[in-house]
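Welcome! Take a moment to look over the chain below, and then we will walk through it together, topic by topic.

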Amino acid sequence: PDAEPYLLVLVGRAYEQMGDRARAAEYLDRAVQPLPQQVSVLPVLDLPWNVIGLQRSDTASGDVPQLRRLLTEGRGPEALAAAEALRQRYPASSDVERLYGDVLLLTGAPDLALQSYERAARIRTDLQLALRMFAAERLAARPERALARIAQFDRQHPGSPAVAALLGREAAARGDLAAASAFLASASRLTQDADPRLLKDLANVRRSAGATAEADALMQRAARLQRWAILAPLRSLPAS
């Protein structure tokens with residue numbers, strides 16, 4: 001569900017090359033839709049338990065497929081018990097602490113997940129942890145605190161296009177066109193104006209602010225990027 005537009009377009013064009021235009025249309029339509037906001041679990045491949053690490057593994061990463069399997073099958077209490085056992089084995093690991101927070105978040109306990117994420121942040125913090133805290137605050141129905149957390153991360157770690165884009169889209173959603181324009185323009189510059197979705201979002205904000213000519217130019221650039229930059233790896237393939 002959270003596949004990037006580039007991957008969706010690539011798969012869609014591959015189906016076109018195979019002659020399956022109906023299937024291609026499904027992916028190409030998804031590529032221009034907003035990314036979903038919900039938190040979900042990535043499924044694991046349908047492999048035997050002993051292959052994916054149901055039994056005790058020698059590293060924490062070997063337990064991740066087990067937790068994902070339990071969560072996708074709706075076995076939340078078992079996933080929590082397994083994550084707690086993992087914490088006992090690695091009591092000072094930031095990665096295991098955030099993994100435990102993930103399980104709490106995905107089993108409907110965002111406040112407890114935040115506590116776990118905050119313990120992890122005392123050891124090491126990064127963008128992915130900040131985004132987890134943002135998601136936890138949102139799931140706990142505290143949108144203002146969610147925004148404050150990600151804004152604090154932006155102040156402490158400036159220069160992230162993902163954070164600037166998130167802040168811009170949040171500002172646009174609440175009607176703050178000036179902030180939305182500033183953040184989205186910054187995010188676009190940080191990606192060297194090469195992200196068509198960012199350019200499209202910025203164009204919509206500028207149009208809402210009355211800058212129609214600028215919005216049209218941004219949308220045209222987004223259309224050119226979507227058409228050529230994404231399809232560049234396919235130019236050597238035979239025409240469909």
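This is a predicted model: local features need pLDDT of at least 70, side-chain atom pairs count only at pLDDT 80 or more; totals for chains, interfaces and linings use all residues.

**A short tour of the chain**

The chain holds 13 helices and 0 strands, and 38% of its 240 residues are buried.

**The chain as a whole**

- Among contacts with a separation of 6 or more, 49% are between residues 24 or more positions apart.
- The accessible surface of the chain is about 13,700 Å², and carbon and sulfur atoms account for 55% of that surface.

**A look at helix α11**

- Helix α11 covers residues 177–190, which is 14 residues.
- From its first C-alpha to its last, α11 reaches 20 Å, close to the 20 Å expected at 1.5 Å a residue.
- Several residues of α11 are buried, including A179, A180, L184 and S188.
- What covers the buried residues of α11? Part of the cover comes from α10 (161–173) and α12 (196–208).

**How α8 meets α10**

- Two packed helices are described by the angle between their axes and the distance between the axes.
- For α8 (residues 127–139) and α10, the axes come within 11 Å and cross at roughly 25°.
- Angles under 35 degrees count as roughly parallel, so α8 is roughly parallel to α10.
- On the α8 side, L127, L131, F134 and R138 take part, and they meet A162, V163, L166 and E170 in α10.
- The residues of this contact between α8 and α10 divide into 6 nonpolar, no polar and 2 charged.

Methods
Residues are numbered from 1 along each chain as its sequence is written. Side-chain values use heavy atoms; hydrogens and water are left out. Helices (H or I, at least four residues) and strands (E, at least two) are DSSP runs, numbered from the N terminus. Buried means under 20% relative accessible area, exposed over 50%, partly exposed in between (1.4 Å probe, protein chains only). Contact means heavy atoms within 4.5 Å. Accessible areas come from the Shrake-Rupley method with a 1.4 Å probe; for residues, only the protein chains shown count as cover. The expected span of a helix is 1.5 Å times one less than its number of residues. Axes are lines fitted to C-alpha atoms, for helices over the stretch in contact, and angles run from 0 to 180 degrees between N-to-C directions. Angles under 35 degrees count as roughly parallel, over 145 as roughly antiparallel, 65 to 115 as roughly perpendicular and the rest as oblique. Ala, Val, Leu, Ile, Met, Phe, Trp, Tyr, Cys and Pro count as nonpolar, Asp, Glu, Lys and Arg as charged, and the others, Gly among them, as polar.
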